[in-house]
Amino acid sequence: MSLESVQELADRFKDSLSGLIEDTAPRSLLLAVSGGSDSMALMHLGAAWAKEYDVPCSVVTVDHGLRAESAAEAEFVKSAAQELGLAHNILRWNRGTESRGNLQKNARDARYGLISEHGGDGTVVLTGHTLDDQGETFLLRLKRGSGLDGLSSIPVKRYVHSGEGGYWLLRPLLHFKRELLQAFLRRHSVAWVSDASNEDMRFDRIKMRGALAQLKEVGIGVENIAATVSHLQRARDALDQEIRHFASKFCLTEHGDLLINRVELETLHSEFQYRLFAQSLKWVSSNPYRPRFGALKRVFKDSLHGKIQTIHGCLIYPQKTQIRISREFNAVANIRMDLVDEAVWDRRWKVQCTGTELSSRLTIAPLGPEGAKWVRAQGNFSLPFRTLQAHPGIFQGEEVLYAPSLIKNKHISATFCARPFE
């Protein structure tokens with residue numbers, strides 16, 4: 001790689017990051033670096049950008065503990081970051097029950113959660129996803145039969161919601177090929193970690209990597225796929241814009257529930273119906289992912305026929321003029337935590353104490369059937385009985401003392417803190 005092309009790559013990165021970051025007003029940059037070639041290139045290019053623009057910059061490595069080498073790799077990144085004058089932190093994943101089910105998905109969710117807890121307000125997070133990652137992801141989603149959203153693959157920029165806040169996640173290398181970044185690292189004598197699993201054909205992503213090499217021989221490269229992804233993302237954004245317009249006119253929120261105007265909903269094309277329904281389920285459940293399309297389509301159809309049902313941690317209540325989507329009690333039945341000021345329960349309710357001294361240890365848990373009966377006895381509530389069960393209650397042992405999201409009292413309040421429905 002010539003000196004000219006080294007400078008060209010650095011200039012391209014500068015333009016890429018500056019374009020992504022112009023409307024995010026970052027107080028600091030947090031570089032997510034695993035030690036592989038992509039993220040090591042990100043660290044060197046990001047550090048130079050931050051120095052030029054006088055933006056505080058630090059590095060974080062998430063050690064998932066899934067491989068014997070992971071701890072040593074995190075220490076390798078720490079040493080490399082310190083040589084660049086960057087502060088570095090290692091975040092370790094305490095898997096617990098999160099190791100069940102889809103391990104890769106759980107690890108990804110944990111990674112973004114740990115980064116959110118580590119970063120402060122105004123932090124912008126950069127990851128080292130490349131053009132090759134975009135191509136591999138597209139083929140993986142194509143294999144699964146994904147629709148428009150899935151085939152839109154990796155966005156260059158997105159906001160990651162976490163609790164009451166969140167952070168901007170930017171991917172300034174998404175239009176860079178991995179081989180170019182590796183040539184850049186070799187030119188600067190920068191080492192990187194080689195993960196043996198990147199050669200393991202048992203993994204679907206590695207199979208897609210091999211498929212990309214074969215497709216290149218017939219003229220289908222990652223650049224072609226990226227161009228297709230760009231068109232798909234534009235179409236997705238247009239659909240989402242129409243959904244936001246509909247939601248602003250025909251959707252209401254009530255005590256954390258979403259109410260959709262059923263009459264207007266039935267006038268929409270099925271694609272708009274499914275998209276709105278999926279976004280509604282994500283919002284009520286505070287789940288960043290949508291349910292499988294087959295299940296979503298079936299439940300939506302049954303809802304229009306008046307059937308009460310559950311999906312994705314939500315309870316669907318069809319009524320004559322509207323469809324109510326509530327939190328499902330079974331989805332929150334085991335969420336119990338000690339009462340502390342400003343605790344966030346179920347990622348949706350912020351519980352605050354007014355300064356009154358509470359003499360006993362209290363807990364936050366769902367009201368459940370008995371708590372819902374207690375609430376009903378306190379007054380006239382229009383919310384369905386099963387909806388009341390999923391609201392937060394303040395308990396002393398098994399006795400409910402307050403239902404702060406529903407009944408005002410001078411000691412404890414609970415406000416809905418999830419982002420507005422869009």
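Some ground rules. Residues are numbered from 1 along each chain as its sequence is written, and side-chain values use heavy atoms, without hydrogens or water. Because the model is predicted, local features need pLDDT of at least 70 and side-chain atom pairs count only at pLDDT 80 or more, while totals for chains, interfaces and linings use all residues.

Let's start with helix H12, residues 293-304. Helices (H or I, at least four residues) and strands (E, at least two) are DSSP runs, numbered from the N terminus. H12 has 12 residues and reaches 17 Å from first C-alpha to last, close to the 16 Å expected at 1.5 Å a residue. That expected span is 1.5 Å times one less than the number of residues.

Which residues of H12 are buried? They are Leu296, Val299, Phe300 and Ser303. Seen down the axis of H12, these fall within an arc of 100°, so they line one face of the helix. The arc is that of the directions from the helix axis to the C-beta atoms. Buried means under 20% relative accessible area, exposed over 50%, partly exposed in between (1.4 Å probe, protein chains only). An α-helix has 3.6 residues a turn, so residues three or four places apart point the same way. On the other side of H12, Gly294 and Lys301 are exposed. Among the elements covering the buried residues of H12 are helix H11 (270-285) and strand E10 (314-318), by contact (heavy atoms within 4.5 Å). Just after H12, glycine 306 takes a positive phi of about 85°.

Next, helix H8, residues 204-216. Its 13 residues should span 18 Å at 1.5 Å a residue, and its end C-alpha atoms are 18 Å apart, which agrees. Ile206, Met208 and Leu212 are buried in H8. They cover an arc of only 155° around the axis, which puts them on the same side of H8. Their cover includes helix H5 (131-143) and helix H9 (222-250).

Histidine 255 has a positive phi of about 50°. Histidine 255 sits in the loop between strands E7 (251-254) and E8 (257-261). At 37% relative accessibility, histidine 255 counts as partly exposed. Aspartate 346 has a positive phi of about 60°. Its loop lies between strands E13 (343-345) and E14 (349-353). Buried or exposed? Aspartate 346 is buried, at 7% relative accessible area.

Last, the cavity. His255 returns here, as one of the residues lining the largest cavity, along with Asp257 and Arg327. On a 1 Å grid over the protein atoms alone, a cavity is a set of points where a 1.4 Å probe fits but cannot get out, and lining residues have an atom within 4 Å of a point.

Methods
1 Å grid on protein atoms, 1.4 Å probe; cavity = no way out; pocket = protein on both sides within 12 Å on 5 of 7 lines; lining within 4 Å.
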